[in-house]
Amino acid sequence: MNNSIRSVLIWILALGFTLSLSVYTRLTGPTKPVRGSIELAGQSIRYKLIRTHNTGQTARIEIMAADPSIGGTYSYRRYKSYDSWVTLPLHREGERLVAYIPSQPPAGKVLYKIGLEKGSDKADLTDEPVIIRFKGAVPAHWLIPHILFMFIAMLLAARAGIEVLAKGPKVYTYAWLTTVALFLGGLVFGPIIQKYAFGAWWTGWPFGHDLTDNKTAVSFLFWVIAVLRLRRHRDKPGWVLLAAVTMFLVYLIPHSLLGSELDYTAAEDTLPAAQ
């Protein structure tokens with residue numbers, strides 16, 4: 001096998017691994033909508049319940065229920081609060097039943113649950129309340145570079161790890177590029193995204209316990225050590241492989257887990273009604 005074909009195959013392998021990890025991160029994150037279906041009076045009703053929304057806007061949750069005899073209620077209260085549950089009837093708008101969750105400040109969370117009924121038949125959509133977190137809107141010109149550089153960092157990390165295993169000549173190059181991409185995506189654009197969304201530049205250690213910030217810092221530290229070690233000892237690339245493995249292990253932690261959230265128990269205000 002010539003070097004060109006070998007290089008292409010390695011890049012395809014690295015890309016496949018990176019895409020798989022990206023999909024996993026997307027599907028396991030706490031902002032992924034809750035989807036499912038229930039049976040009500042012999043009808044199957046599918047639903048998608050959102051778990052993130054921009055602050056300043058009432059969150060609208062829609063349930064497709066074409067049968068006009070189907071109705072229901074929804075209840076909500078703020079997460080980490082002393083609020084009582086607020087229960088309201090679902091609004092019918094054509095073939096949809098709609099619930100409205102009042103907007104919260106950035107990092108504010110609301111618990112909500114929805115129940116449907118038709119005649120004497122009743123069914124809750126979920127066994128446990130769903131948590132929706134509100135966040136500030138992030139401009140695309142900041143969000144896109146963040147996502148792009150983080151994806152490139154994961155791709156280059158996979159390529160660097162494979163280069164170590166294949167005993168290739170470009171381990172240092174890929175390790176250095178990974179470190180730069182991770183720095184830009186996670187430690188430059190990342191805090192900007194955090195500031196727009198939740199009003200703080202950094203909520204990881206030592207200021208908080210945000211796992212997204214913490215896992216970015218841990219990954220970057222390992223890559224810095226790997227590059228410095230490899231710069232002195234080009235024949236000992238073990239730290240690069242360790243950095244790659246560490247990066248992928250920490251990225252198995254769902255994105256935004258233990259992220260920013262308001263504690264309403266410290267305040268005396270009351271839950272506003274949905275508009």
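This is a predicted model: local features need pLDDT of at least 70, side-chain atom pairs count only at pLDDT 80 or more; totals for chains, interfaces and linings use all residues.
# A guided tour in questions

Visitor: Which residues does Arg46 contact, leaving aside its neighbours within four places in sequence?
Guide: Arg46 belongs to strand 2, residues 43-49. Its C-alpha is 9.1 Å from that of Leu125, a residue 79 positions away in sequence. Once the neighbours within four places are set aside, the contacts of Arg46 are Gly36, Ser37, Ile63 and Met64.

Visitor: Ile63 and Met64 bring us to strand 4. Which residues make up its covered face?
Guide: Strand 4 spans residues 59-64, and it has two faces. Arg60, Glu62 and Met64 are on the uncovered one. The covered face consists of Ala59, Ile61 and Ile63.

Visitor: What is the order of the strands in the open sheet of three?
Guide: The pairing in this sheet is antiparallel. Strand 4 and strand 7 (91-93) are the edge strands, each pairing on one side only. Averaged over the sheet and with direction ignored, neighbouring strands are turned by 35° against each other. The order of the three is 4-8-7.

Visitor: How many bridges join strand 4 to strand 8?
Guide: In general, strands of a sheet pair through backbone hydrogen bonds. Here, Arg60 has Tyr100 of strand 8 as its bridge partner, while Glu62 stands opposite Val98 in strand 8. Strand 8 covers residues 96-101 and runs antiparallel to strand 4, and the number of bridges joining them is six.

Visitor: Which residue takes a positive phi in the hairpin of strand 9 and strand 10?
Guide: Strand 9 (residues 109-118) and strand 10 (residues 121-124) run antiparallel and are joined by four bridges. One of the bridge pairs is Lys118 with Asp121. Two residues lie between the strands, and the one with a positive phi, near 65°, is Gly119.

Visitor: Where is Ala41, and what is its phi near?
Guide: Ala41 is found in the loop between strand 1 (34-40) and strand 2. Its relative accessibility is 36%, so Ala41 counts as partly exposed. Phi is positive here in a residue other than glycine, with a value near 50°.

Visitor: What is the phi of Lys80, about?
Guide: Look in the loop between strand 5 (71-78) and strand 6 (86-89) for Lys80. Lys80 counts as partly exposed because its relative accessibility is 38%. Lys80 is not a glycine, yet its phi is positive, at about 55°.

Visitor: Turning to the helices, which elements do the buried residues of helix 1 pack against?
Guide: Helix 1, residues 3-28, reaches 38 Å from first to last C-alpha, close to the 38 Å expected for its 26 residues. Its buried residues are Ile10, Ala14, Thr18, Leu21 and Thr25. These buried residues pack against helix 2 (140-165) and helix 5 (238-250).

Visitor: Does Leu156 count as buried or exposed?
Guide: Leu156 is part of helix 2. Among its contacts beyond four places in sequence are Trp11, Tyr174 and Leu177. Its C-alpha is separated by 50 Å from that of Gly72, which is 84 residues away along the chain. With a relative accessibility of 10%, Leu156 counts as buried.

Visitor: Which residues does Thr179 touch, not counting those up to four places away in sequence?
Guide: Thr179 sits in helix 3, residues 171-198. Thr179 counts as buried because its relative accessibility is 11%. Beyond four places in sequence, Thr179 touches Phe220, Trp223, Val224 and Val227.

Visitor: Stepping back, what is the radius of gyration of the protein chain?
Guide: The chain has five helices and eleven strands. Along the principal axes, its C-alpha atoms fill a box of roughly 75 × 45 × 30 Å. A compact globule of 275 residues would come near 19 Å, but the radius of gyration of this chain is 23 Å.

Visitor: And what share of the 275 residues counts as buried?
Guide: The accessible surface comes to about 14900 Å², with 61% of it belonging to carbon and sulfur atoms. Among contacts with a separation of 6 or more, 71% are between residues 24 or more positions apart. Of the 275 residues, the share that counts as buried is 41%.

Conventions. Residues are numbered from 1 along each chain as its sequence is written. Side-chain values use heavy atoms; hydrogens and water are left out. Two strands pair if DSSP finds at least two bridges between them. Axes are lines fitted to C-alpha atoms, for helices over the stretch in contact, and angles run from 0 to 180 degrees between N-to-C directions. Buried means under 20% relative accessible area, exposed over 50%, partly exposed in between (1.4 Å probe, protein chains only). Contact means heavy atoms within 4.5 Å. The radius of gyration is taken over C-alpha atoms; the globule rule is 2.2 Å times the number of residues to the power 0.38. Accessible areas come from the Shrake-Rupley method with a 1.4 Å probe; for residues, only the protein chains shown count as cover. The expected span of a helix is 1.5 Å times one less than its number of residues.
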